[in-house]
Structure formats: C-alpha cells, structure tokens
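Trainee: I'd like to learn how to read a model like this one. Can we go through it feature by feature?

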Amino acid sequence: MGLEKFKDRNVGTQNYIKLDLTHPPKDGWSKFKQVLSRAVQPELFVGLWVTLREMNNALFRGKMHTTQYPLEKLPISPRYRAIHDMLRLLESGHYRCIGCGLCEKICISNCISMDTRYDENQRKEVSEYTINFGRCIFCGYCAEVCPELAIVHGGRYENASEQRASFSLFEDMLTPIDNLNLQQEYQGFGAISPNADDNIKKTPLAY
Amino acid sequence: MDATILPEVTAVGVIIKAVLILAVISAIAGFGTYIERKVLAFMQRRLGPQHVGPYGLLQLAADGIKLFTKEDIIPQHANKIIFSVAPAITAATAFIALAAVPVFPDFTIPFVDVFVPSIASDVNVGILFVLGMMAAGLYGPLLAGMAQSNKWGIIGSARTAIQFLSYEVVTGLSLLAPIMMVGSLSFVDFNDYQSDGTWLVVYQPVAFVLFLIAGYAETNRTPFDLLEHEAEIVSGYVTEYSGMRWGMFFIGEYANMITIGVIASVVFLGGYNDWWIFAGWFMILAKIAFSFFFMLWVRAAWPHVRPDQLMWLCWKVLMPLAVINVVITGLVMMAG
C-alpha cells in the first residue's frame, strides 16, 4: 500500500456544496427566464413552513429555548470565575488561608488588600482581608497562585447589592462553619460543566 | 341594494353599532399586540409575554397603563397642531373604514325581537368608501413625519407617500375584477354573490394574491413596513411620538389589519355565509382570525424589501398583473 492516501491532505472537499457561480444572464430572454424561475420557486413558502414547524416544535415538542431566569437557572461551569470563596479545612474547620500574601502580590488590578499578624502560637493569622470588587477584573490569578486552594472562584454571580462592600470582607467570602459539609472543592482548571453532556451538538458538517 | 334606508336601520341602532365597533375593535387591536408578540415568540421558540397575569394576558392592561400615564412629549420645533392631530387621523380613518364593512350575518336579538343588520351603514359604494378611508389614512403618517422636525420622520413620511399611494393603485385594480363579476360596490352584495358556496377566490386567485400583497403594503405590515423600518430609519414617522399618541398609531394600524382581513374574507373568501356545518358568524370570525394570524406568520418568516424593490414590485409586476387580470376577466365575462 502506497502512502498516497495518507499524503492527500485535501480531506474536507468531498461534501462541499459549490455555489452556482455561473455568469449572470446577458440578454433579455435569459434574464426573463431567470426571473421566471425565481418567481416560481417556492422559497417564500419554505420560509412559512420553517416558522410554522418551529412553532410546532416550541409548543408541542418541548423545544422552547427560553430559560425563565430568576425561576430556573442553568448550571454554570466549575471554571466560571464569579465572586471569590474562602475555603476552610475540612478536618479542623479553620480557614485555609496561611496569610502568605501571594494573592495580594499577583493581583493585577491591585484590588486585594490583606493584613496579617502572629497569633499566640506564632502562626500567621489573617487580621484584614478585603477584595475591592469595583476594581476586580475576575482574572483568576489569585485563585491560581494560592498554594493552599484557600481562595477560589465560587459560582455566586448574582451580585446585586446595596454596596459592593457587602461581598468583599473575609467573613463574607468564607464558608460558613455550619455549612462546612456543603463546601465545594475547586475541581481544577480542566473541569467541565455538570451539564456538558446536554450541550454536545453535532458539528455543522454532520448536518 | 338600493340607496333607500331600510326600515330597520334606526339612528339609535347605528349609534349603538358605532360605539360597539369602536369599543370592540380597539379592544381587539390592543389584544392583537399581545397575540402578535405571542405568535412571533412561539415561531422563534420563545415564550413571549409571560409574567403579567396568567400566560401574560394582562400584559395588555400593563401596556395600556404605561401608554396612558406616559409623559406626552411634543418636540420643540415640531408643528404642534399637526403633530397632535396626526395620530387621530390614523385611528379615526381606520375606525371610519370599519363602518361600511359587514362582519356578521344579519340577526334578530332574541326576546326583544329587534332585527339587526350587522353593518353600521350599508352604503352602496361600500368598497370605494373603505378604500377611500384607508387611503385618507395615509395623511396620519405623512403629516406626523413632516410635523415632527426629525429627519427620520421626514424619510418615514416620504416613504408613506410613495408606498401608500402606489399600492392604492394595486388595491383598486385587484378589487376591480371581483367588482366587475358581482356588479356592485356593496359588501353585502359581495357576500350574497358567494352564498352558493363557491368563493370568489376560485374565480379570481390572482386578484386575491394581489389584494393581499397590496393590503400588507397599505397596512404597513412586515414585508413592506418601510415607514418605520427600525434598522434603517429609527422608527420612521413615529420616531418622536410617545405615550398615547404613539398608541393611537398602533390602534389604527391594528384596526386596519382587521379591516383588510374583513375585506379579504367578504370579497374573496365567502364572507359570512354558512359553510358545511359551520354557522356564518363562526366562519367569518375564523377567516378574519386566520388572516390576522397570516400577517403575523409572514412577519416571522419573511424579510423586508428595500424601497426600490417595493416600487419595482408595485409598478412593474403587480400593476401589470392586475390590469391583465381585469382585461381577462372582462373578456371572459363578454364571452360568457
């Protein structure tokens, strides 16, 4: 067997539908023929049929597109970068943040500000931690750089509030201690959305 | 039908019918906006108005409250009198046109035994009257666009002039062939002509299609809604309007849609004659409803045409076809 078959890189051309790029009509008779053939083509009725079919699909086959947003929500991807969460250690319940300050250093919009001190056991303790969400661009560097997976991006995207400060304190972002069993671990940068299977579609070539 | 007033036609009856037409048609015209939004939404697989009332039915009331309570803005350099009067022209002519179209078969009110001819006034030039009124309606958009000192309005009114005037010709010529066959201008005679069950659309399919196309152009419906084409001229002749004045334009437009539906039903589609097991009043309601639905359906399916295409279609295609149709109808009638 030769290699010609594998050297043929022209793989996508077989099923292309070529446009009819013939020359436009020149004399009156062929123009008239073109007008006539276009006039009797049932394209307008194809349009009517398509809209009627879609109405049938929507009403009787449950293919309505609309998501009634405040009442139903689509699942968001674990990679989504919304308001940050501060996670706790599952065993002790203590917050994971070790006060290293890397997130403050890497933040490209300078919106994280933190202050630390030594507690009585000479361990670093976070005394102040705020994120200015008026400046945060949700780039995700802070979550990426965090050595302890302490700061991650959560899924809280509905951040309408009377003031931005309502989200930005350490205690606001920290997992409540009584919800520790519900704490979601960050699934990693390659994680797919929970409804990824439903979103799989045929590629256009397969239609 | 002779011009003498029938004994049953009393002044009180006419006034009651006029008030009924005004109330019912404006309610239906308002309801039509809801239907239009719903149907268009379904055809695009959306839900449409959903939250005000069950299935969004009270959206109509919400819109009404909004339109009534909105501030009435008259632009600084507008001609205030004409600017204020123009919406009334559109709404009034649309309702006046409905005076001469019959909607239901004549009936007798039970218990009180009052015979009611279901037409406000059976003028013997009914078709001319209705067409004339709809043609007079063009003064609404025309004056509105010119009075508001806005360039989009000016373009809109220029388009009004070319579109409505041109398609008036096609409407008249396409209705001429049925008029020749029936030999009368009264809508009641048209209805009675088709009482044997054969609709006029069987004899005059070309005239029917031409009338529909021209009717869409005259009611400013989608393939031809160049007067307020959002993508090109913001909102055309209604650019500067707001609140109730804007609402009157739309009540007029929807009333005109109903009028076109009634004319198409009575002249071409058998009117309010009984058909098979269905009563006449049901048949005409079904026909008008389908005609209304078809307007929305077309709006969902078909794109706009350009103004030059509109003119091309009118003068080079539709008008010759209409004239040929009239000539052939005349020849056949002379031969037969």
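Mentor: Let's start with helix packing. Axes are lines fitted to C-alpha atoms, for helices over the stretch in contact, and angles run from 0 to 180 degrees between N-to-C directions. Helices (H or I, at least four residues) and strands (E, at least two) are DSSP runs, numbered from the N terminus. As for the source, this is a predicted model, where local features need pLDDT of at least 70, side-chain atom pairs count only at pLDDT 80 or more, and totals for chains, interfaces and linings use all residues. Residues are numbered from 1 along each chain as its sequence is written, while chains are lettered from A and ligands numbered from 1 in the order in which they are written.

Trainee: At what angle do helix H1 and helix H2 of chain B pack?

Mentor: Two packed helices are described by the angle between their axes and the distance between the axes. Here H1 (residues 11-43) and H2 (residues 59-69) of chain B pack at about 115 degrees, their axes being 9 Å apart. In contact (C-beta atoms, placed from the backbone, within 7 Å) are B:Gly30, B:Phe31, B:Thr33 and B:Tyr34 of H1(B) with B:Gln59, B:Leu60, B:Asp63 and B:Gly64 of H2(B). By class, the residues of that contact are three nonpolar, four polar and one charged. For the classes, Ala, Val, Leu, Ile, Met, Phe, Trp, Tyr, Cys and Pro count as nonpolar, Asp, Glu, Lys and Arg as charged, and the others, Gly among them, as polar.

Trainee: How many residues of chain A are in contact with chain B?

Mentor: There are 14 from chain A, in contact with nine residues of chain B. The chain A side has seven nonpolar, five polar and two charged residues.

Trainee: Why is helix H5 of chain B described as largely enclosed?

Mentor: Burial is a neighbour count: a residue is buried if 20 or more other C-beta atoms lie within 10 Å of its own, exposed if 12 or fewer, and partly exposed in between, with C-beta atoms placed from the backbone. Eight of the nine residues of H5(B) (residues 139-147) are buried, so the rest of the structure largely encloses this helix. Among the buried ones are B:Leu142, B:Leu143 and B:Met146. Their cover includes helix H3 (80-97), helix H6 (151-182) and helix H10 (243-268) of chain B. After H5(B) comes B:Ser149, with a positive phi near 50 degrees.

Trainee: In which sense do strands E2 and E3 of chain A pair?

Mentor: Strands pair if DSSP finds at least two bridges between them. E2 (residues 112-118) and E3 (residues 124-131) of chain A are antiparallel, over seven bridges. A:Arg117 has A:Glu125 in E3(A) as its bridge partner. The hairpin has five residues between the strands, and A:Gln122 takes a positive phi near 60 degrees there.

Trainee: Where is A:Gln183, and what is it in contact with?

Mentor: A:Gln183 lies in the segment after helix H7 (170-173) of chain A. It counts as partly exposed because it has 13 C-beta neighbours inside 10 Å. Leaving aside neighbours within four places in sequence, A:Gln183 is in contact with A:Leu87, A:Arg88 and A:Thr175.

Methods: Contact = placed C-beta atoms within 7 Å.
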